Structure formats: structure tokens, C-alpha cells
Amino acid sequence: MIWNKNIFKEEDIKCSVRRKLNNPENFTEPLVFEPITVESLQQDKGFLKTSKKQQKDLEAMRKRHAKEKMLLQKQQCAAIEKMIKGKNKEQLTNDTTFRTLVTDQSNTWSELVSRHRREECAAARTRLDDQRELLKKMMEQTQLAQMKQLEAKHERELKEMNTRQAKISVETSKEVANDKTLKTKQEKDRRLREKKQNNIKKFMDEKKTQTIKQNREKEKLKVTHDKQVEELGKDIDNLIEMYKMEESEFDMASKAEFLA
């Protein structure tokens, strides 16, 4: 049996174009983004910097509170020592002035401790509010950066696809021009028109498929981002609720401090 080499050559041309159109290597892998969570945002330099400043302010306030307590203790101890000098226990027990002094000092101490607690609570609420706004802002910025990365990837894919399709068109023209089975110009023109029409259809299908794929990727990322925002809100609410519970437990368990 005699094989027609020209048939194989034409089939090779078709396969070559088909491989270029359908080659999986021509399509980039989807981007995989790290999940955006409270924990990941808290590791960001911006958040760590803010937390460090907040901690520094908290330590400064606690030092001031400790200094105020120490000063009040010193004043109260001096007043007590002056009052009890030269008196025995029985005299002090029946001394109305002494009892009044002790009561006044206890009230003063309780008021100081209560004021310190209110200041700490107010500062804690401010810290939580600031952190909440910062986390939301960081979430928005991180999500925007991810969406821009995805859009940049899509632009590269479209550019690569257009370049690839243009190259295929040029190669198709060369293949038809070099096809020895086509004897006349009319045959070559007819074959070139056929191939161009086939290429156009394939190119349009490829662009349509690419557009659908990219739209799905964007929608998937948007759904992920919406879920992350929802989860962030829940996590922040849980942190605030946890703080409120700790504050309530502290208030219930706290007792007036007094050192005679």
C-alpha cells in the first residue's frame, strides 16, 4: 500500500495548531492566597507597632497608678502613726477621731482604686476600639491587594493568549504558503480563509472560556473576602465580649484595698 505523504503533512499542520490552542502549559495556575484572619493580621508590622505603643501607654498608666497608691499609703500611714502615738489599744478603740480617720482613709483608698479601675477600663475599651478599626482597615487593604494581584494575573493571561493567538495566525499563514499540495494561488487563498475562520472560532472560544474562568476566580475570591470580613467581625466581637466578662468578674470579685 502506498501512503500519501501529503495527507500526513496536512494532518501534522492541524495537530500543530490544535496543540498550541489546547496546550495546558499556555494557561497559568490559579493564584492561591493565604487566608486573612485576626491572627494573621495581628502579625502585621502595622498592628504590632500599634500594639507596642498601646502596651507602652498601659505600662505608663500602671506606673502612675502605682506611684499614686504608694504616695497615698505613705500619707495614710503617717497620719495613723501620728494618731496612735502615745495611745494604747483601748484608747484607740474608744477614740471617735481615730475611727473616723480609719473610715475616711478606707474610703479614700477605695475611691483611688475605683478611679484606677475606671481609667484602666476606659483605656482598654479605647484599645479594643482602635484595634477593631485597625484590623478592619488592614483587612480591606489586604483584600484589595489580593484582588489587584488576581486582576494583574488575568491581564497577563489575556496578553499571553493574544500573543499566542497572533503567533498561531502567523504560523498558519506560513504553513499554508509552504503547503506543496496547494498548486494554485486560488487554492492557497481558499485554504487560508478556511484555516483563518477555524482559528477565529477557536480563538473566540478560548477567549470566552478564559473570561468565564477569570470571572469565576474573581467571584470566588470575592465570596472568600466577604466570609473573611464576617469572620473578622465575629472574632472581634468575641474579643470584646471576653473582655467584658473579665471586667464583670473583676468588679464582682474586687474588694476595697486598705493598708493601715
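**The cavity and its surroundings**

Tutor: The largest share of the lining of the largest cavity, 4 residues, is supplied by α5, where a helix is a DSSP run of H or I with at least four residues, a strand is a run of E with at least two, and both are numbered from the N terminus. This is a predicted model, in which local features need pLDDT of at least 70 and side-chain atom pairs count only at pLDDT 80 or more, while totals for chains, interfaces and linings use all residues. Residues are numbered from 1 along each chain as its sequence is written, and side-chain values use heavy atoms, with hydrogens and water left out.

Rolling a probe the size of a water molecule over the atoms shows where empty space is left. On a 1 Å grid over the protein atoms alone, a cavity is a set of points where a 1.4 Å probe fits but cannot get out, a pocket is an open set with protein on both sides within 12 Å along at least five of seven lines, and lining residues have an atom within 4 Å of a point. Grid points are joined across faces, edges and corners, and a volume is the space filled by probe spheres set on the points.

By this rule there is 1 cavity of 30 Å³ or more, and the largest cavity holds about 40 Å³ of space. Its lining is made of Leu128, Gln131, Arg132, Leu135, Ile236, Leu239 and Ile240, with α5 and α6 each giving at least two residues. Sorted by class, this lining has 5 nonpolar, 1 polar and 1 charged residues; here Ala, Val, Leu, Ile, Met, Phe, Trp, Tyr, Cys and Pro count as nonpolar, Asp, Glu, Lys and Arg as charged, and the others, Gly among them, as polar.

The largest pocket, an open space, has a volume of about 410 Å³. The pocket lining divides into 8 nonpolar, 5 polar and 6 charged residues.

Methionine 161 lies in α5, and it is buried because its relative accessible area is 1%, where buried means under 20%, exposed over 50% and partly exposed in between, for a 1.4 Å probe and protein chains only. Leaving aside neighbours within four places in sequence, methionine 161 is in contact with Glu206, Lys207 and Gln210, contact meaning heavy atoms within 4.5 Å. Methionine 161 and lysine 207 are 46 residues apart in sequence, yet their C-alpha atoms are 8.1 Å apart in space. In α6 you will find glutamine 228, which counts as buried because its relative accessibility is 10%; it touches Pro35, Ile36, Met139 and Gln143, not counting residues up to four places away in sequence. Threonine 97 is also found in α5, but it counts as partly exposed because its relative accessibility is 48%.

To set this in the whole chain, there are 6 helices and 0 strands, and 26% of the 260 residues count as buried. Among contacts between residues at least 6 apart in sequence, 81% join residues at least 24 apart.
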